[in-house]
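Here is a short report on a model with more than one part to look at. Keep the structure open and find each element as it is named.

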Amino acid sequence: MSVLEVKNLKKYYGNVKAVDGVSFTMEQGQIVALLGPNGAGKTTTIEIIEGLRKKDEGEIFYFGRKVETIDEEIKKILGVQLQKSAFLDNLTVKETLELFAGLYGISLKASQLRELIEMFMLQEKMNSRVKALSGGQMQRLALAVALVNDPKIVFLDEPTTGLDPQARRHVWQIVRGLVEKGKTVLLTTHYMEEAEELADYVLIMDHGKIIAEGTVDDLIKMLNMDSYLEFVVEKPEVFLERMPGARMLNDEKITVPTKKVEDDVQKIFVLAKNEGLSVENLVVRRPNLEDVFLSLTGRHLRD
Amino acid sequence: MFKLAKAFLLDSVRDFNGIFWPFVFPLFLFFVLTSVFWSGGSTESVSFKVGVVFEERLVGFAEFLNQVLKAVQPEPFQLSEYDTLEKALEDLKKKKLDVVLKVPSGFSGRLTWVVLTKQDRNLPELEVHCLKAHQESEMAAQLLQTIFEQANLEFFKRANVVRSYVEVQIQEKPVSNVEESDFHYPTYLFPAVILMSWLAICLFNLPLNILYNREVGINKRFFTCGVKPFEYFTSLLLSMGFIMMISCVLIYVFGMMVYRVQPSCLSLEFILKLLFTMVVFFGLGMMITALFKKSSSALVVSQIMNQILMFLGGFYFPLLNFGLPKPLEWICLALPTTYLVEDLRKSLGQNVYSFSSLQTFLVPSVWFVLSLVLFVVNFKRVMGHE
């Protein structure tokens, strides 16, 4: 039995189709990543499932039970971390955790509170007011609050946005730890590395629709490319015209899909020599989800 | 709901603004206004020097005058007897005296005639001399005249109503910086200070909290835990109500201990009127919440409304007695605060207008009902997060 099943979910804002027929299934202990650029409809989708927004069409099933409105009973088994973390400024970290536990009807034992605080490395800030927390600490508090009710399903909406790489890795560790405890996680992200690192299953979303889904490997295999070449050159237009599949990765870097690395590297250098150009910073890398998204939409995830 | 209310309360009182405006500022304002407009009840007495010239010895009914003159000593008058009017006037000119009173010859006889015949012809007269354009002298003469007018009333009573001797009640009128009467400025100000504090809480804290929480997503976070919008709103109201209570108790203690505000402020009538005021003020806050989407816009309107409701509502001065231009007077009469504060003052015996009970109840109620309707109609949007 699926933990969560969503069928043909739709949400419109006037003529804008924010969510346009999204369907997916989540099994227990799975981490599913909803990957897409800003405005793809990830947050709207997750907030409908959390019960914060009303759907216009579609069906939601929790543990096989069709749910029309997400009632209190369902909310008790959900752990929610919103994209924008905001709490009452003048409560302490400890009071905030106790408050949210109380709202779920739970009285946190001192040991549970300590465990939660330690898990998110907030020991030193336990008695600090929320307004005194840094962005990273705030994000960690938001994650701690999401777990305060020991939920079965955890929704994390861009949990690492604004965090430094070290803090991001720490959050990833925590998310993996949740799955080890049997929890199911749905996370939205626009960081392809995050999805690659964590997700058992990836849903790529754009313009309110799921445009591709599968495991990271499946999605990359879809590209049918062994590697990608990336390099910097003065006149990129020459390469964009003459090398099949070549695209600008950013303002100066070109990326070229390849099945035969040696042949294509040689081709790049010959072309550069003929044009009197020099190739710099050439790297060969494995394809990733960014390439998948690029190949599907012609845009980057961060666009 | 109570847990959430407690959290809102803690969040509010831990903030400097949350402490200063509802708790400290009202007491400070009470102190400042009372210091400026009230002399602390210590009527600084002034004695006027009066030279009295008796041209005859008072007998019969006229002896009352001796009683009057005896009673007004040593305050507000210090009397010195003079043999002749000339000597007394000379001292008056030298400002050794503030005023001169002459009891002319024939005074006793004339008075007896009036009392016995009840005729108002040939009335006895007293002469009062003062220095022209001399403030103290004129004031003393005026005061003396007032005292004798009161005494005249007693003559009248005696002449027309009773024949037997009636003791003359002398009206003592101390001369002080402020005219003493039943009016007690701290008591007059007391309800206004409470209302000012409550108005600030309802016009600022309530709408700004709701709008800010919506803007930054605090309410949304609570809704994920199963908190319903109505519970969330009620929790906020409860926390505000509690802050208002604390503020009120502080003002009560300060007012009663420091300024001896009349104990009638503890009456059930007064407290019920305060509760009615609280409900109306909540309505005003809810109206602002319903009308504005952004806390920055609401803040501007709250500021303007707060000033208008306070000053034109007559919190600190009885504006309607100042001969305001008609449009301004109409605005004053349309404001709920005009009636709410006046009604509370009425319970303390400090009212200055004479509104009907219906008017007093109706105007604030109309405001409340309109606010409530606006709020209920917009409730979904106000409490929303999309």
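In chain A, 4 strands make an open sheet in the order E12-E13-E11-E14, and the pairing is antiparallel. Its edge strands are E12 (247-248) and E14 (280-285) of chain A, each pairing on one side only. Strands here (E, at least two residues) and helices (H or I, at least four) are DSSP runs, numbered from the N terminus. Two strands pair if DSSP finds at least two bridges between them.

This is a predicted model: local features need pLDDT of at least 70, side-chain atom pairs count only at pLDDT 80 or more, and totals for chains, interfaces and linings use all residues. Residues are numbered from 1 along each chain as its sequence is written, while chains are lettered from A and ligands numbered from 1 in the order in which they are written.

Stay with the chain A sheet. E11 (residues 227-232) and E13 (residues 253-258) of chain A pair in the antiparallel sense over 6 bridges. Phe231(A) stands opposite Ile254(A) in E13(A). Helix H10 (residues 261-275) of chain A lies across E11, E13 and E14 of chain A. This H10(A) runs at about 20° to E11(A). Axes are lines fitted to C-alpha atoms, for helices over the stretch in contact, and angles run from 0 to 180 degrees between N-to-C directions.

Chain A also has a domain assignment, with bounds from an automatic or database source. Domain 1 of chain A covers 2-215 and domain 2 covers 224-286. Their C-alpha centres lie 39 Å apart.

Next comes helix H11 (residues 289-297) of chain A. Which of its residues are buried? Leu289(A), Glu290(A), Asp291(A), Val292(A), Phe293(A) and Leu294(A) are. Buried means that 20 or more other C-beta atoms, placed from the backbone, lie within 10 Å of the residue's own; exposed means 12 or fewer, and partly exposed is in between. Just after H11(A), Gly298(A) takes a positive phi of about 75°.

Now turn to chain B. It has 15 helices and 4 strands. Of its 386 residues, 37% are buried. The 4 strands form an open sheet in the order E2-E1-E3-E4 of chain B, with mixed pairing. E2 (77-82) and E4 (127-130) of chain B each have a single partner strand, so one side of each is left without a neighbour in the sheet. The twist averages 25° from one strand to the next. E3 (residues 99-103) of chain B pairs with E4(B) in the antiparallel sense over 4 bridges. There, Lys102(B) stands opposite Glu127(B) in E4(B).

Two helices of chain B also meet. The axes of H7 (residues 185-216) and H10 (residues 268-291) of chain B come within 8 Å and cross at roughly 35°. Among the residues making the contact are Trp198(B) of H7(B) and Phe281(B) of H10(B). Two residues are in contact if their C-beta atoms, placed from the backbone, lie within 7 Å.

How do the two chains touch? 20 residues of chain B are in contact with 20 residues of chain A. Helices H1 (2-13) and H8 (218-223) of chain B each supply at least two residues of that side of chain B.

The table sorts two contacts by class. Ala, Val, Leu, Ile, Met, Phe, Trp, Tyr, Cys and Pro count as nonpolar, Asp, Glu, Lys and Arg as charged, and the others, Gly among them, as polar.

| H7(B) with H10(B) | 16 residues | 3 residues | no residues |
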